[in-house]
Amino acid sequence: MAENGEEKLLAVARHIAKTLGHNESMADDILQIFSNFDGRFSREKLAEGQAGEDGSGVAVLERALNSLDGQISRFVAADQPIWADPADSAAFLDTIDELVSITREWGPMASEKPVGVCLARADDMMQQAMFRIEEEFRSLMERGAESFGLNPQGDGAAMNNRFDSDEEDDYDRDFQNGDDIQIPVAQPLTDYDLIIDALPSATINDLHEMAKRMLAAGFGKACSHVYSACRREFLEESMTRLGLQKLSIEEVHKMPWQELEDEIDRWIKAANVALRILFPSERRLCDRVFFGFSSAADLSFMEVCRGSTIQLLNFADAIAIGSRSPERLFKVLDVFETMRDLMPEFESVFSDQFCSVLRNEAVTIWKRLGEAIRGIFMELENLIRRDPAKAAVPGGGLHPITRYVMNYLRAACRSRQTLEQVFEESNGVPSKDSTLLTVQMSWIMELLESNLEVKSKVYKDPALCAVFLMNNGRYIVQKVKDGDLGLLLGEDWIRKHNAKVRQYHLSYQRNSWNKMLGMLKVDNTAAGMNGLGKAMKEKLKQFNTQFDETCKTHSTWVVFDEQLKEELRISLARLLLPAYGNFIGRFQNLGDIGKNADRYIKYGVEDIEARINELFKGTTTARK
């Protein structure tokens, strides 16, 4: 071996002298320098092979290649996996290392024809070795993944088993139940504080050694491709077992809303598991397999996760650019909040240059979801504007548009912080005392009130019109003041609208009961007792008729709020009873006419009060 080494050294020295020497005299000088430097470079030894450069040096190279060729051919032709035997795998790697070393040593002399021929042969041998090591790499990854996926007591977490269930929450129980499946950290999946070693440590070490040789031999892309193909298949299978379907944007848009709601729930779970567990685990595995080769690790990781990431992002994008029907707001908010909460994971997991496109796309789609939410509120505005003033609500009751909008806004405001974030990013300019979300909510309330004003005109009776506005106004105030909507709109808004309800109350009294109150006023200018008596009899008769008609009509009207109903009855009693009591008391004291007053007095004061208490009970239809 020492002899071979000395021959190679002499061959290199002769090559250097020939390469650097532009003429024979210069070459002789260089050889003399070598001879003075080391006795092994004597003029005689160096001159021995100078006449025929393809002599002893090339012979050494050929002998080394012959030896390596036999070893590589034996390994390449082997029927059994090389990595089934640690001794074989170590010998195969040593053979590759020696071939790489020879290629590098003789590379500077590749322009010499004999050496170039040998190096071409070495390159063919290297390709054969790389094809075999690529097969071994693939086989080892597949076997390692299978052993981890199928052996629940294995060294690590059985990722495939983790999600293989027909029931939607099985994987939650799997992660929580450390007795059934061994995992590095046994805790609820909702914590997502979990990194999985997706392959056994010994397998990872072997893969690292293989990858190191392939990269050293210039086969880094092939290694990355094999690695990515195996891990990508594993990752996509894991996503499928999480319940995530591969849907195109068109398929998402055609899906019935109820089905899409379920699909969104599955997407949220899959996105959290992917970004918090699966992708970080793949990042760690890549870094271990390609340790020392950061570019290869980054490229391989991107290729592994790109398909699953695009699948997740495409679904979110389909939601963002889909229908902006108001009932979709809450699920779109769920998707927006999921993307927002996962942005730190997108930033950290996809931090390298190869993944920048995925990272930027995630940010773009997240912002697009915000645009969709703002668009949904615009569609809500359009819905309110377009809601027609057709048939009147029976009994002046609560209009469906009022109930829908107020319950909608209350539910939306449960995500007040998210909505504030969405509207602050809309490039709008908030006022000094309010946020853009407050401005948006105030505008919707104004639209609703305007719409109700138009709808109230359907009622021909001004009193019933007032009842309708009073009912809807009271409902609006009640829904605002006991929730986040009230925090947004503020106390001044609530006071202002309570005052509006009182105005509707007064309008109701003015357009109905105030007229009857006028009938109970006594005209003291009537001539004599008889004239006064006749006038009071006529007024009492008119009052009885009007009171009967009003009570009959108003008893079919509805006031949905019990407190408001009681306030109305009390105010009517206070308005009517004293005046009626005074009227019939004076009528009873009118001499002979007063003696027969019972013939004309249909109701006592208690009767009037009882009839008032029967008001606003409404028909069945009106109360719904």
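I take buried to mean under 20% relative accessible area, exposed to mean over 50%, and partly exposed to mean in between, with a 1.4 Å probe and protein chains only.

**Basis.** The model is predicted; local features need pLDDT of at least 70, side-chain atom pairs count only at pLDDT 80 or more, and totals for chains, interfaces and linings use all residues. Residues are numbered from 1 along each chain as its sequence is written, and side-chain values use heavy atoms, with hydrogens and water left out.

**Entry 1: the whole protein.** I looked up the secondary structure and found 27 helices and 0 strands. Helices here are DSSP runs of H or I of at least four residues, strands are runs of E of at least two, and both are numbered from the N terminus. Of the 624 residues, 47% count as buried. The accessible surface comes to about 30400 Å², and carbon and sulfur atoms hold 49% of that surface. I note that such areas come from the Shrake-Rupley method with a 1.4 Å probe; for residues, only the protein chains shown count as cover. I then turned to contacts, meaning heavy atoms within 4.5 Å. Among those between residues at least 6 apart in sequence, 77% join residues at least 24 apart.

**Entry 2: Gln440.** I located Gln440 in helix H18, residues 436-456. Its relative accessible area is 13%, so Gln440 is buried. Leaving aside neighbours within four places in sequence, I found Gln440 in contact with Phe377, Glu381 and Phe423.

**Entry 3: Thr550.** Helix H23, residues 528-554, holds Thr550. Thr550 is buried because its relative accessible area is 7%. Not counting residues up to four places away in sequence, Thr550 touches Trp513, Met516 and Ser555.

**Entry 4: helix H24.** H24 covers residues 562-588, which is 27 residues. From first C-alpha to last, H24 reaches 37 Å, close to the 39 Å expected at 1.5 Å a residue; the expected span is 1.5 Å times one less than the number of residues. I found a kink of about 25° at Leu576, shortly before the proline Pro578. The bend is the angle between axes fitted to the seven residues ending at a residue and the seven starting there. At the start of H24, a side-chain oxygen of Asp561 reaches to within 3.2 Å of the backbone nitrogen of Gln563.

**Entry 5: Ile608.** I placed Ile608 in helix H26, residues 605-612. With a relative accessible area of 0%, Ile608 is buried. Beyond residues up to four places away in sequence, Ile608 touches Phe543, Phe547, Leu576, Leu577, Tyr580 and Tyr603. Ile608 and Cys551 are 57 residues apart in sequence and 9.8 Å apart in space, C-alpha to C-alpha.

How values were computed. Polar contact = N/O pair within 3.5 Å; in protein donor to acceptor, adjacent residues only side chain to side chain.
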